[in-house]
Amino acid sequence: MKSANELLAANGHRETWTPLLEMATREVFELMLSCQLTVATTPEESTPEVTAMVGLAGQLCGVLSVCCGNKAAALMASKMLGVELDKVGAEVSDALGEVCNMVAGNFKNKIAGLAEGCMLSPPTVITGSDYSLHSMAESPGLEINLLFENMPLAISLQIHS
Amino acid sequence: MPICALIIDDSSVMRKIVERSLRQAGIDLSKVFEASNGAEALVVLQDNVVDLMLCDINMPVMDGLEFIKRLPEVANAKGVPVVMITTEGSESHVVEALSHGARGYIRKPFTAEQVKEHVVPILGGKS
C-alpha cells in the first residue's frame, strides 16, 4: 500500500482515494444510522442547506465536507438518536457534524500513514445556502454524490497538500 | 446487576448513541451520567460513583487522554474501567490510552455488537 505522500506526489490519489471516501461514508451510514446509501441514477440538482466541515492537518491537509438539505440532516439526527423526526431539534447540527467527523476519521484510517500522521479538527456546521467557500486547495478535490433516503448527499475533500 | 455509567463526549448525539448501544448490548444501566469533556467528567466523579466510563479522545477543554491521566487522583475512579470511543485511529493514541489505564478502545463508527465485545468482558459479570 502506498503512503499518502507518495500518492500525492505522483498525483495518483484521486483514483485511489475516491472509492475509499465512498466506502468510509457508506460504513458510517450503515453502522451508525442503519441505512444504505444509494447512487443517484439521474443527476440530482439541489442546493445544500446544511454543510458540515472537518479540517485535516499533518501529512494530509485539507477540508472534508458533507452537504445536504435540512430534511436529510434532520432525518440523520432522527436515526442517530432513535427518535421520531418531529422530535428532533437543536441536535441536527451536532448530528451532521458527527457524521462528517466519522467520515473523515474513517477515511484517513483507511490510508497508510494517515491514521498516525493526520489530525482532525472539531466539526464546523454551516446552515443556509447563501455562502461561498473559497478553498486554497492546490489540486482538484474529490467529490462523491450519493442519496440518503432518496435525498442528495454530497461529500467532498479539498486537498491542500 | 444494574450498573452506573459515565459517558464523556463533546457531541450530545454521540452520548445518546453510546448509551443506546450499551442498552442494545444487554447492559442493564441504572443511571447514566453525561459530560461533554474531561473537566466536566472530573466534576461528576467528585460526587458520584460509577461502574464504567466511556470516553472520547478529541474534545475541547480537556481531551480524553488528559482525563485518563488525571484519574489516579480521583478517589471515585479507582478501579473503574475506562473504554475509549473515538474516531482517532492513531496507534500512538491507543498505546497512550492503554498505558494510562484504559481497558479498551472502540473506533467510531461502531456497532452495538462491538460495544458488547469490548465492554461486557471488562465488567466481569457486573452487568
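1. Two residues are in contact if their C-beta atoms, placed from the backbone, lie within 7 Å. On that basis, and leaving out residues up to four places away in sequence, A:Val83 touches A:Ser78 and A:Val88. This residue, A:Val83, lies in the loop between H3 and H4 of chain A, and it counts as partly exposed because 14 C-beta neighbours fall inside 10 Å. It should be kept in mind throughout that this is a predicted model.

2. The overall make-up of chain A comes next. Its secondary structure comes to five helices and six strands, and from the N terminus on the elements run α-α-β-β-α-α-α-β-β-β-β. Of the 161 residues in chain A, buried residues make up 39%. Among the contacts in chain A with a separation of 6 or more, 65% are accounted for by residues 24 or more positions apart.

3. The interface deserves a careful look. There, 21 residues of chain A are in contact with 19 residues of chain B. On the side of chain A that touches chain B, the elements giving two or more residues are helix H2 (13-32), helix H3 (70-81), helix H4 (91-108) and helix H5 (114-117) of chain A. H4(A) gives the most to that side, with eight residues, and the residues of the side as a whole divide into eleven nonpolar, five polar and five charged.

4. H4(A) is mostly covered, with 17 of its 18 residues buried.

5. Which residues touch the most other members of the largest nonpolar core? Of the 77 residues in that core, they are A:Met76, A:Leu96, A:Val99, A:Cys100, A:Val103 and B:Leu54. H4(A) gives the most to this core, with nine residues. For A:Leu96, the residues touched are A:Val50, A:Ala52, A:Val66, A:Ala73, A:Met76 and A:Val125, not counting residues up to four places away in sequence. In soluble globular proteins, nonpolar side chains tend to be buried together.

6. One helix pair spans the two chains. The axes of H3(A) and helix H1 (residues 12-24) of chain B come within 9 Å and cross at roughly 35°. On H3(A) the contact is made by A:Ala77, A:Met80 and A:Leu81, and on H1(B) by B:Val13, B:Lys16 and B:Ile17. The residues of this contact of H3(A) with H1(B) divide into five nonpolar, no polar and one charged.

7. H1(B) takes part in a further helix pair, within chain B. The axes of H1(B) and helix H5 (residues 112-123) of chain B come within 8 Å and cross at roughly 70°, and H1(B) and H5(B) are therefore roughly perpendicular to each other. The contact is made by B:Ser21, B:Leu22 and B:Gln24 of H1(B) together with B:Ala112, B:Val115 and B:Val119 of H5(B), and its residues divide into four nonpolar, two polar and no charged.

8. As for H1(B) itself, its 13 residues should span 18 Å at 1.5 Å a residue, and its end C-alpha atoms are 18 Å apart, which agrees. The buried residues of H1(B) are B:Val13, B:Met14, B:Arg15, B:Lys16, B:Ile17, B:Val18, B:Ser21 and B:Leu22. B:Gly26, whose phi is positive, near 85°, follows H1(B).

9. Leaving aside its neighbours within four places in sequence, B:Ile122 is in contact with B:Pro81, B:Arg103 and B:Gly104.

10. Most residues other than glycine have a negative phi, and most peptide bonds are trans. A cis peptide bond, with omega about 0°, joins B:Lys108 and B:Pro109, and B:Pro109 is found in the loop between strand S5 (104-107) and H5 of chain B. In chain A, A:Glu149 has a positive phi near 50° and A:Asn150 has a positive phi near 70°. A:Glu149 lies in the loop between strand S5 (142-148) and strand S6 (151-159) of chain A, and the place of A:Asn150 is in the loop between S5 and S6 of chain A. A:Glu149 is partly exposed, with 16 other C-beta atoms within 10 Å, whereas A:Asn150 is exposed, with 9 other C-beta atoms within 10 Å.

Methods
Residues are numbered from 1 along each chain as its sequence is written. Chains are lettered from A and ligands numbered from 1 in the order in which they are written. This is a predicted model: local features need pLDDT of at least 70, side-chain atom pairs count only at pLDDT 80 or more; totals for chains, interfaces and linings use all residues. Helices (H or I, at least four residues) and strands (E, at least two) are DSSP runs, numbered from the N terminus. Ala, Val, Leu, Ile, Met, Phe, Trp, Tyr, Cys and Pro count as nonpolar, Asp, Glu, Lys and Arg as charged, and the others, Gly among them, as polar. Axes are lines fitted to C-alpha atoms, for helices over the stretch in contact, and angles run from 0 to 180 degrees between N-to-C directions. A nonpolar core is a set of buried Ala, Val, Leu, Ile, Met, Phe, Trp, Tyr and Cys residues joined through C-beta atoms within 7 Å. A residue is buried if 20 or more other C-beta atoms lie within 10 Å of its own, exposed if 12 or fewer, and partly exposed in between; C-beta atoms are placed from the backbone. Angles under 35 degrees count as roughly parallel, over 145 as roughly antiparallel, 65 to 115 as roughly perpendicular and the rest as oblique. The expected span of a helix is 1.5 Å times one less than its number of residues.
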